[in-house]
Amino acid sequence: MEWIVFLVFFLLLLLRVPVAVSLVVSAALALMDSGFNLDVLPQKIFSSLNVTTLMAIPGFILAGVLMARGGISKALIDALRAWVGHFSGGLSVVTVLACAVFAAISGSSPATAAAIGAIMIPGMVEAGYSKRYAMGLVAASGTLGILIPPSIPLIVYGTVAEESIGKLFMAGFLPGLFLTAVLVVVAIVYARWKNFGRLPKASWHDRFVLSVRALPAALLPLLILGSIYKGIATPTEASVVACVYSLLVAVFVYRQITWKDARTILRETVNTSSMVFFIIAGATVFGLYLTNEQVPQNIAAWIMEGDINKWTFLIACNILFFVMGMFLEPTSIILITLPIFLPILKLLGIDVIHFAIIMTVNMELGMVTPPVGLNLFVVSGIARAKLEEVVRGVMPFIALMILVLVVIVVWPQLSLWLPVQMAN
């Protein structure tokens, strides 16, 4: 029956049925066949959504929308451009760093790529950079949105695994900085090799003025991460603080938002948030079927009988996540696979927090791999280019991200050092 459930699920996906509906239909059919009382499904769905930590998701999404539309991201980019834009590869560095800062607010990969790409892709092309390179860099750097905290996939992971969201956020911080540094170094080397253009050197006066103007925007990531790391606020509370702060800065400092924009901002936030919660609801029904049929326990027993070690398991998981990432978005993958893998992680002695970062980096790869990589479509729409051109531009960065994933897998302390310090 398990194979039939997964077959029905993937068949519905191929027919372009929404992921949440595919999950509910395939699992409900199997539960009905087993004699399960379907009357309890609505109660299970609503109880799965009635979780305080999940309220952080719309909070960070709203903060990201306010940042993109309120002039906050532009102020950051202008300041970074004034400091490093005149170097060879300077605009590449600006793009990566701007994505990293935006990631520390939005928690969303497509939102990061959209907000930064809309400004940086035309600017890089105008400065003499290859359009294909610019699109690939923005698509790859945008993936930082789900690794550098706050991260919506890590919030979902923590809710399912019943792990501290704060620890998961801290676990993603150093790997996020590591990937940022790797992207910066490679972008500089590649830009110098291709002799891409430079911007005129900004005066010290311009640097000072633009840095002061960007200061309120730069304080937002520090406010979010500092309040969580110091235990002043929970991730949910920090998301509300981020919304209020972003709104105040956008309205009173940069003056980019008016009452006319309120409807557009709220609609964009509701659309994105409802998509995530709809998938969570669907995955709850799917998880109920897995639990009812003891699928995780059966797989764990099979693994123990086969004497599979943790490295074989991790390699298999990375391959599975990479393939699933080509077709599904991160929340779906986490909710489908994590309930199955949790008992196995304990049996093999794999740290649940370390596995969260491995899983998230795989989700990043999924954002830039065809045919359903969300960042590819975002960048393609912004740059008004064919999807094939974006894919060609991002291919070198995919290879780079795979190397970073290998480092994260074999070096657990990169992910675990900050959570340990947080516990102490």
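These legends accompany close-up views of a predicted model.

**View 1. Helices H5 and H11 pack against each other.** Let's start with a helix pair: H5 covers residues 72-84 and H11 covers residues 204-229. On the H5 side, the contact is made by Ile72, Ala75, Leu76, Asp78, Ala79, Ala82 and Trp83. H11 brings Trp204, Arg207, Leu210, Ser211, Arg213, Ala214, Ala217 and Ala218. Sorted by class, this contact of H5 with H11 has 11 nonpolar residues, one polar residue and three charged ones.

**View 2. A nonpolar patch lies on the surface.** Here you can find Val21, Val25, Leu29, Met32 and Phe278, which together have about 430 Å² of accessible area. Helix H2, residues 19-33, gives the most to the patch, with four residues. Met32 is found in this helix, H2.

**View 3. A salt bridge joins Glu268 and Arg69.** Side chains of opposite charge can pair when their charged atoms come close. In this view, the side chains of Glu268 and Arg69 meet with an N to O distance of 3.1 Å. The pair links distant parts of the chain, with the partners 199 residues apart. Glu268 belongs to helix H13 (residues 259-292), while Arg69 belongs to helix H4 (residues 56-69). For the model, the count comes to four salt bridges.

**View 4. Pro149 and Pro150 are joined by a cis peptide bond.** Take a look at the backbone here: omega is about 0° for the bond between these two prolines. Pro150 sits in the loop between helix H8 (131-142) and helix H9 (152-161).

**View 5. Glu162 has a positive phi.** The phi angle of Glu162 is about 55°, although this residue is not a glycine. To find Glu162, follow the chain to the loop between H9 and helix H10 (165-194).

Key. Residues numbered from 1 in each chain as written. Predicted model: local features only at pLDDT ≥ 70, side-chain atom pairs only at ≥ 80, totals over all residues. Heavy atoms only, no water. Axes fitted to C-alpha atoms, helices over the stretch in contact; angles between N-to-C directions. Helix = DSSP H or I, 4+ residues; strand = E, 2+ residues; numbered from the N terminus. Contact = heavy atoms within 4.5 Å. Nonpolar A, V, L, I, M, F, W, Y, C, P; charged D, E, K, R; others polar. Patch = residues over 30% accessible without salt bridge, like charges linked within 9 Å, V, L, I, M, F, W, Y side chains within 5 Å. Areas by Shrake-Rupley, 256 points an atom, 1.4 Å probe, with all protein chains shown as cover.
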